[in-house]
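Please read them with the coordinates open.

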Amino acid sequence: MIALLHLPLNQTWNLETFFPGGSESPAFAAHLKELQASIAAFQEQVRNTPSPQQAAETDGLAKLVELFQSNLKNIHEADSFVGCLLADNQKDKKAPVLNGQVKSLYAEHLSSLTHFDQVLTGIPDAVWSEILKKEPFQAIAFPLHERRALAQEKLSPEQEALINDLAVDGYHGWGDLYNSTVGQFRMPVEVDGETVELSAGQAFNKLHTENREERLALFDSWEKAWTDKEDYCAEALNHLAGFRLQVYKYRGWNSIHKEPLAINRMEEKTLNVMWEVIDRNKAIFVDYLNRKAKLLGVEKLAWVDVDAPLGDSSKKISYDEGASLIIEQFERFSPKLAAFSEQAFENRWIEAEDRAGKRPGGFCTSFPVAGETRIFMTYGGTLNNVSTLAHELGHGYHQHVMTDMPALAQEYAMNVAETASTFAEMIVADAVVKSASTDEERIILLEDKIQRAIAFFMNIHARFIFETNFYAERRQGLVSVERLNELMVDAQKVAYQDALSSYHPHFWAAKLHFYATDVPFYNFPYTFGYMFSAGIYARAVQEGAAFEDKYISLLRDTGSMNVEELAQKHLGVDLTEPDFWQSAVDMAIQDVKEFMRLTEAKVQV
């Protein structure tokens, strides 16, 4: 498979296949115009379609569902394109304007769906059950029934439409302000005797240098740079939360976790038992942090030390080497995943170039009309970058195996989306550790793998604790910058069991996940995905090549059932009980035990 890659690979993506001309694309302008007309047609159609009172009266409903799914795909196409433009070049002044247009169209679409929901709720229960047994409804029975049930808990269609309209310049507008603030972020760093200004993405990559003094100095600069932006970030975060809380109040939703749990199609009991199992097992991960501190020659790790490399990390992995490594390991587990990844590399579906002007982080986004995906990241040659690349390819493959399904059946939740990506990441990480030729190399690679467990069990737990506590205080009024810093540090101390000597007060400002307006509580799904994928990975190791088709079947079901049903059907496990979660944590514990064994002699006096 590796030989099929044509090296060197191009590290910039190709967006011209969708809408030639970037933000000035006439084709994209035409797409938005057609989409607006189609949304208007749906609005007109939904107002003139009565709720079926008999199972035979479904012609009007069938036409509505068809147009709904067409609009959904075209909105995703537009949103993905604009998202790519915004990430690719934060100096593109036209892209934010287009983003505003897409958000406005999306708001119109959501408003029209409030009337569609009214059609659904007007169908008698017995008739509804019969309708869902018929095509075209049977293939999308789960998401349709989910919509109907949720609509019964919301406000009137007129009020929900008003919320969606006001969200464009209110709710989503605050998210846009944060993105603009990050786009202006600059951190001065001295390189070869000259001061250069780094973007947020470039600066973050620099924080993982091997030299501790340099690392601490860079982190100090990182904190100061976010301090300069803290007022803007606090405004955005406070008003995003305020908007959500007001909506929840009028809907009568008392729990701030209700919406994210519904979006992620999981029960509160599942979420609680997951965190409980993680908490019960944190002692050994604290031991790991303490061992790492000794290996670095310090009493306690500072925040910036947690992800610091052990040993010589000066060796860089070129983009071509990283791509070849990923495909080789994917091939051993899943030839279909490897073939998809080869296609992504060869056809320039990936933006990986390390250059100024790009937004931080990484993502994978789908173009459902074209049947393709695009991956964004900044590749700096680290093992972590290779992991990110594998992670995003996992996202892309998840979408790829669902391309032929109805649009509504492709709407899987974030937590199961993170399952596919983390599964792909595990394949590469595990293979790299096993292929180590010396104990020294194995220690470095194991440590990199354990870092991800620490991120999911501690870093993301801190985010969840912070947001939960922040929203509780936000109900009483605006939360000051100083208090945000305190809440963040308090959450980090709890999540890391006070194992660190210093923390990251402005993490709430630096982490864009807190400002996402499409998914509230954009944090715990990552931990769920990591844990769930660990169970899937264990099954894949056990069953070998026979598991590939079962894995695809699981992925294809992710938009058609809740996570508890998904786990029961494909893995035979109960997610509301601790057993599965403990087995997932045990996999990470085995890595820690091996790490502790290999490093024991290094810390003995």
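Predicted model: local features only at pLDDT ≥ 70, side-chain atom pairs only at ≥ 80, totals over all residues.

1. Main core. The largest nonpolar core has 177 residues. Phe116, Phe285, Phe457 and Trp508 are the residues with the most contacts inside this core. Helix H17 (residues 439-474) supplies the largest share of the core, 16 residues.

2. Phe457. Leaving out residues up to four places away in sequence, Phe457 touches Trp275, Ile278, Lys282, Phe285, Tyr530, Met531, Val585 and Ala588. Phe285, in that list of contacts, is itself named with Phe457 among the residues with the most contacts inside the largest core.

3. Helix H11. This helix covers residues 268-280, 13 residues in total. From first to last C-alpha H11 reaches 18 Å, close to the 18 Å expected at 1.5 Å a residue. Its buried residues are Thr270, Leu271, Val273, Met274, Trp275, Val277 and Ile278. Trp275 and Ile278 are also contacts of Phe457. The buried residues of H11 pack against helices H10 (258-263), H12 (282-296), H17, H20 (524-543), H22 (563-571) and H23 (578-603).

4. Strands around S5. Which strands pair with S5, and in what sense? Strand S3 (residues 350-351) runs parallel to S5, joined to it by two bridges; here Ile350 has Ile375 as its bridge partner. Strand S4 (residues 363-367) pairs with S5 in the antiparallel sense, over five bridges, and Ser366 is bridged to Thr373. The hairpin of S4 and S5 has four residues between the strands, and in this hairpin Gly371 takes a positive phi near 70°. S5 itself (residues 372-376) is mostly covered, with four of its five residues buried.

5. Cysteines. How many disulfides does the structure hold? The count is zero. For Cys84, the nearest cysteine sulfur is that of Cys364, 9.2 Å away, and Cys84 is in no disulfide. Cys84 counts as buried because its relative accessibility is 0%. Cys233 is likewise buried, its relative accessible area being 0%.

6. Thr58. This residue is found in the loop between helices H1 (26-47) and H2. Is Thr58 buried or exposed? Thr58 counts as buried because its relative accessibility is 8%, and the cut-off for buried is under 20%. Setting aside neighbours within four places in sequence, Thr58 is in contact with Ile131, Lys134 and Phe137. Asn89 is 31 residues from Thr58 in sequence, and their C-alpha atoms are 47 Å apart in space.

7. Lys63. Helix H2 (residues 59-88) contains Lys63. Lys63 counts as exposed because its relative accessibility is 56%, where the cut-off for exposed is over 50%. Val46 is 17 residues from Lys63 along the chain, and a distance of 9.6 Å separates their C-alpha atoms.

Note on methods
Residues numbered from 1 in each chain as written. Heavy atoms only, no water. Buried < 20%, exposed > 50% of the residue type's maximum accessible area, 1.4 Å probe, protein only. Pairing = 2+ DSSP bridges. Core = buried A, V, L, I, M, F, W, Y, C linked by side-chain atoms within 4.5 Å. Contact = heavy atoms within 4.5 Å. Expected span 1.5 Å × (residues − 1). Disulfide = S-S within 2.5 Å.
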